[in-house]
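Me: I have the sequence and the model open and would like to go through them with you. Could you keep the answers plain and tell me the cut-offs as we go?

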Amino acid sequence: MDEDFRKAALDYHRFPRPGKLSIEPTKRMATQRDLGLAYSPGVAAACEEIAANPDTAYDYTTRGNMVAVITNGTAVLGLGAIGALASKPVMEGKAVLFKKFAGIDSIDLEVEERDPQKFIDAVAVLEPSFGAINLEDIKAPECFIIEQTLRERMKIPVFHDDQHGTAIIVASAVRNGLLVQGKELSEVKIVTSGGGAAALACLDLLVAMGAKRENITVTDIKGVVYVGRNELMDPYKDRYARETEERTLQDALPGADVFLGLSAPRVLKPEWLPLLAPKPLVLALANPEPEILPEAVRAVRPDAIVATGRSDYPNQVNNVLCFPFIFRGALDAGATTINEEMKVAAVEAIARLARIEASEVVAAAYGGHAPTFGPDYIIPKPFDPRLILEIAPAVARAAMATGVAARPIEDFAAYQETLERFVYRSGDLMRPVVFAAKKQPRSVVYSEGEDERVLRAVQTVLDDELAEPVLIGRRDVIEAKVKAMGLRMDLKQSVRLLDPAQDTEVFGPLVEVYRGKVARRGVPADSCERVVRTRPATAAALLLETGQVDAAMVGGLGEWMRQWHQAYDVIGKDEHVGRVYAMTGVILPAGTLFFVDTHLLVEPTAEQVAEMTVLAAEQVRAFGMTPKAALLSHSNFGASQAPGARKMREALRLIRLCAPDLEVDGEMHADAALVQAVREKAVTDSPLTEGANLLVFPNLDAANIAYNLVKATGDGLQIGPMLLGMNKPIHVLVPSVTARGIANLTALAVTQVRG
């Protein structure tokens, strides 16, 4: 990694608090009674129940949703045997992924013990604490012995992800890759580069799915694994020793249908590619540099399908595609192990997911652009929201079918509904938007090009390929800041830099456009040139208005409302709406809430409340969420006849006329909006199901105060404000915006470009 990225990684792990994990209570502890229930004397009741029936531990404790990520640090990433302590950032990261993608509570345990038997003993005694064990970064061949022994000793799932997680994704890629190429697994010749734990686990799973052992050749650093070889051999590798005269990888390649690389960079030479069979499948999975780069394969073998372990190429083989969801299904079914049938079920679910035609809901999650099955898409993306919905039930069913489910799932339809809460939550909100933006990056102008937050955001935009940035500012200032900040952007190639003081050929024509816009708005004609050259928000809006860019990010410095007016004077509203409104999202640990109107309309009419609700609901759908709108008031379902309450009731009537399919109700208290039980005490016929995610307020004061309170007290991350009803994609940044917030709004603006 380069020095800039290394520093960013260190800062990420250190600030604002060290590490990536914390523990938070799940029960209220606000009163003396709460304390008595949580600890003494109330806790004794739960202890007695568990002592009488150990299975009730799953009812009264977190055990059923708790996974331990355990290592001894003997094979950490590509760093080798760096020890247990140095492996902790990796294990914390794995625990975070469990929580992020599948809602599984996880804790990392780094055990400084390299004697396999002592390590086994240390892990085995932890069984009462956890629902499952994820072994990680343990070197071969000890990892085989450790996992096998622990599976025999423990009555909970023990899963070495380096082996089986990789194997499951590889098998899914092979399944679909061969389908595209028109080949059968039972007939293909497979050659591996690598004979470690991951490679052997991949082969074992492929054999379980139908591959023939006699069609497999394993190579490692010492060459072909053949019968009679003694060097670097072990019983696990012996299973794949062949009677053959082949001794090198090159010797083994002729006629190979599948090349499986889990070894080292550049071991597969481009000049060897013609040796492969027609329509080969090349899985070059060494990281960060694969055995061969995809472009090198395509240059020689355009008929090949290529997969790597990298996110910057199609067909990324990434363990995060499976391990959170396999554990989710195993835990929910009370599985005592993760067996071959459960792994195969995961393989088939992942492979099937890539082949399924996307529904409207899934297409919406991708901003309207769903991926299509084919050579560049044989396995799903890691952020596909359907993964948990497909894999976890498949694994749970396989556990039940093979008799290892201690708590079988009785209603899979209801189970599917419980899984949906993991699909759109917390920071995952932006994933569908980012994916849609990356499908067709557009040019985006940033009015405050000298702002360091903007420059950092633009670096992210370039790294993630979200847009083609255009910066407005003094060229020498921006160049100096980019250099001082150690940013990698190329201001001559990847970023267009526009300096109002120097680029007369660009800004000169904009003066006449602006003059035409404001000639009858009290702006003197002779001041137009000064405005265009000194007000970057106006200049950015003019670039958007004249079609020189596709979207614009303005503001971030100075007063928000002033910047808004400068943008609105040029762009104006969509002709189909009456007003422009602002919606702000707040991402919370429990989900995302949207607030409207948080910035623009001080005292909206009932008609305007109705319009902003419908526009906001449309934007919520763009995030892949079903909008559930609540019209808030001091009045709860007709309790008051005050003007504000009557306004919200009238707005509800209008919304139901123009958007009858929208889940909406009101007027209501905020707690009734968020808690169904509270709402049902007030009314029994509310069409609003569960908690609202779109909160509509009677005036700007209420909306702005509410979202700021929720953001501050709930450790929320702000998205927006997002302008609703503008004629073109433009957003005004608040002064408190972060670089990440700018990048998020950039992705949103790119998805809003028409055509």
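Me: Which residues make the nonpolar surface patch of about 300 Å²?
Reply: Leu35, Tyr39 and Val43 make that patch, where a patch takes residues with over 30% relative accessible area and no salt bridge, joining nonpolar side chains (Val, Leu, Ile, Met, Phe, Trp, Tyr) within 5 Å and like charges within 9 Å. The areas come from the Shrake-Rupley method with a 1.4 Å probe, and for residues only the protein chains shown count as cover. This is a predicted model, in which local features need pLDDT of at least 70 and side-chain atom pairs count only at pLDDT 80 or more, while totals for chains, interfaces and linings use all residues. Residues are numbered from 1 along each chain as its sequence is written, and side-chain values use heavy atoms, with hydrogens and water left out.

Me: Where is Tyr39, and is it buried or exposed?
Reply: Tyr39 is found in the loop between α2 (32-38) and α3 (43-52), with helices (H or I, at least four residues) and strands (E, at least two) taken as DSSP runs numbered from the N terminus. Tyr39 is exposed because its relative accessible area is 60%, given that exposed means over 50%, buried under 20% and partly exposed in between (1.4 Å probe, protein chains only).

Me: Let's go inside. How many residues does the largest nonpolar core have?
Reply: The largest nonpolar core has 103 residues, and those with the most contacts inside it are Tyr446, Leu471, Met583, Phe594, Phe623, Leu694 and Ile730. Helix α25 (residues 606-622) gives the largest share of this core, eight residues. A core here is a set of buried Ala, Val, Leu, Ile, Met, Phe, Trp, Tyr and Cys residues joined through side-chain atoms within 4.5 Å.

Me: And what does Ile730 touch?
Reply: Not counting residues up to four places away in sequence, Ile730 touches Ala541, Leu544, Ala552, Val554, Ala567, Ile571 and Leu723, where contact means heavy atoms within 4.5 Å.

Me: Switching to α7, which of its residues are buried?
Reply: The buried residues of helix α7 are Cys143, Phe144, Ile146, Glu147 and Leu150. What covers them includes α6 (116-124), β3 (132-135), β4 (158-160), α8 (161-181), α9 (197-208) and α10 (235-238).

Me: What span should α7 have?
Reply: The twelve residues of α7 (residues 142-153) should span 16 Å at 1.5 Å a residue, and the end C-alpha atoms are 17 Å apart, which agrees. The expected span is 1.5 Å times one less than the number of residues in the helix.

Me: How many salt bridges does the structure hold?
Reply: The structure holds 37 salt bridges, a salt bridge being a side-chain nitrogen of Lys or Arg within 4 Å of a carboxyl oxygen of Asp or Glu. One of them joins Lys94 and Glu136, whose closest N and O atoms are 2.5 Å apart. Lys94 lies in helix α5 (residues 88-102) and Glu136 in the loop between β3 and α7, so this pair ties together parts that are 42 residues apart in sequence.

Me: Are Lys94 and Glu136 buried or exposed?
Reply: Both Lys94 and Glu136 are buried.

Me: What about Arg239 and Asp204?
Reply: Their side chains meet in a salt bridge, with 2.6 Å from N to O. Arg239 lies in the loop between α10 and α11 and Asp204 in helix α9, so the pair ties together parts that are 35 residues apart in sequence. Arg239 counts as partly exposed at 33% relative accessibility, and Asp204 counts as partly exposed at 29%. Salt bridges that share partners also join Asp4, Asp463 and Arg488 into one network.

Me: Now Thr337: where does it lie?
Reply: Thr337 lies in the loop between α13 (323-332) and α14 (340-355), and Thr337 is buried, with a relative accessible area of 15%. Thr337 and Ile156 are 181 residues apart in sequence and 5.6 Å apart in space, C-alpha to C-alpha. Leaving aside neighbours within four places in sequence, Thr337 is in contact with Arg151, Pro157, Met342 and Val404.

Me: Last one, is Lys628 buried or exposed?
Reply: Lys628, in strand β17 (residues 628-632), is buried, with a relative accessible area of 12%. Among the residues that Lys628 touches, not counting those up to four places away in sequence, are Glu663, Leu688, Glu690 and Leu694.
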